[in-house]
Amino acid sequence: MSQVDDVLAALADPMRRRVLDLVAARGPISASALAGELPVSRQAIVKHLGVLEKAELVASERAGRENNFSVRADALDATATWMASLASQWDKRLAAIKKIAET
């Protein structure tokens, strides 16, 4: 599975997107702190963070007894680049169809 596939699979879940949004907004944050802001258990948050970490969307750093999570932009950048390339290909195809239709 490619990095783009991993990112898209991770972001397919609305709760994971919400977790990622909170990590991005709050900076380095623990699973316990996230659980205090979301309607799911700390254990569920840890599982979501594990998926996000596997997709390289977040990174963890040990701070005392807890891990703090922060966003890693590289995987998002790679996915955005792929999506932009795909959109460009479609734009070219649609322009060619329009040209054919107008002639």
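This is a predicted model: local features need pLDDT of at least 70, side-chain atom pairs count only at pLDDT 80 or more; totals for chains, interfaces and linings use all residues.

Analyst: Residues are numbered from 1 along each chain as its sequence is written, and side-chain values use heavy atoms, with hydrogens and water left out.

Helices (H or I, at least four residues) and strands (E, at least two) are DSSP runs, numbered from the N terminus. Helix α2 covers residues 14-26. The expected span of a helix is 1.5 Å times one less than its number of residues. For the 13 residues of α2 this gives 18 Å, and the end C-alpha atoms are 18 Å apart, which agrees. At the start of α2, a side-chain oxygen of Asp13 comes within 2.9 Å of the backbone nitrogen of Met15; a polar contact is a pair of N or O atoms within 3.5 Å, where within protein one must be able to donate a hydrogen and the other to accept it, and residues adjacent in sequence count only if both atoms are side-chain atoms. Just after the helix, Gly27 has a positive phi of about 75°.

Burial in α2 is one-sided. Buried means under 20% relative accessible area, exposed over 50%, and partly exposed in between (1.4 Å probe, protein chains only). Met15, Arg16, Val19, Leu20, Leu22 and Val23 of α2 are buried. Because they cover an arc of only 160° around the axis, they are on the same side of α2; the arc is that of the directions from the helix axis to the C-beta atoms. An α-helix has 3.6 residues a turn, so residues three or four places apart point the same way. Pro14, Asp21, Ala24 and Ala25, on the other side of α2, are exposed.

The cover over the buried residues of α2 includes α1 (3-11), β1 (29-30), α3 (31-35), α4 (42-54), β2 (58-63) and β3 (66-71), where contact means heavy atoms within 4.5 Å. Leu38, in the loop between α3 and α4, is buried, with a relative accessible area of 7%. Leaving aside residues up to four places away in sequence, Leu38 touches Met15, Arg18, Val19, Leu22 and Ile45.

Ile45 is one of the buried residues of α4, along with His48, Leu49 and Leu52. These fall within an arc of 100° seen down the axis of α4, so they line one face of the helix. Gln43, Lys47 and Lys54 are exposed on the other side of α4. What covers the buried residues of α4 includes α2.

The strands form an open sheet in the order β1-β3-β2, with antiparallel pairing. β1 and β2 are at the edges, each with a single partner strand, so one side of each has no neighbour in the sheet. Two strands pair if DSSP finds at least two bridges between them; β2 and β3 have six, and β1 and β3 have two. Asn68 in β3 is the bridge partner of Ser30 and also of Glu61. Helix α2 lies across β1, β2 and β3, at about 90° to β3, while α4 lies across β2 and β3, at about 125° to β2. For these angles, axes are lines fitted to C-alpha atoms, for helices over the stretch in contact, and angles run from 0 to 180 degrees between N-to-C directions.
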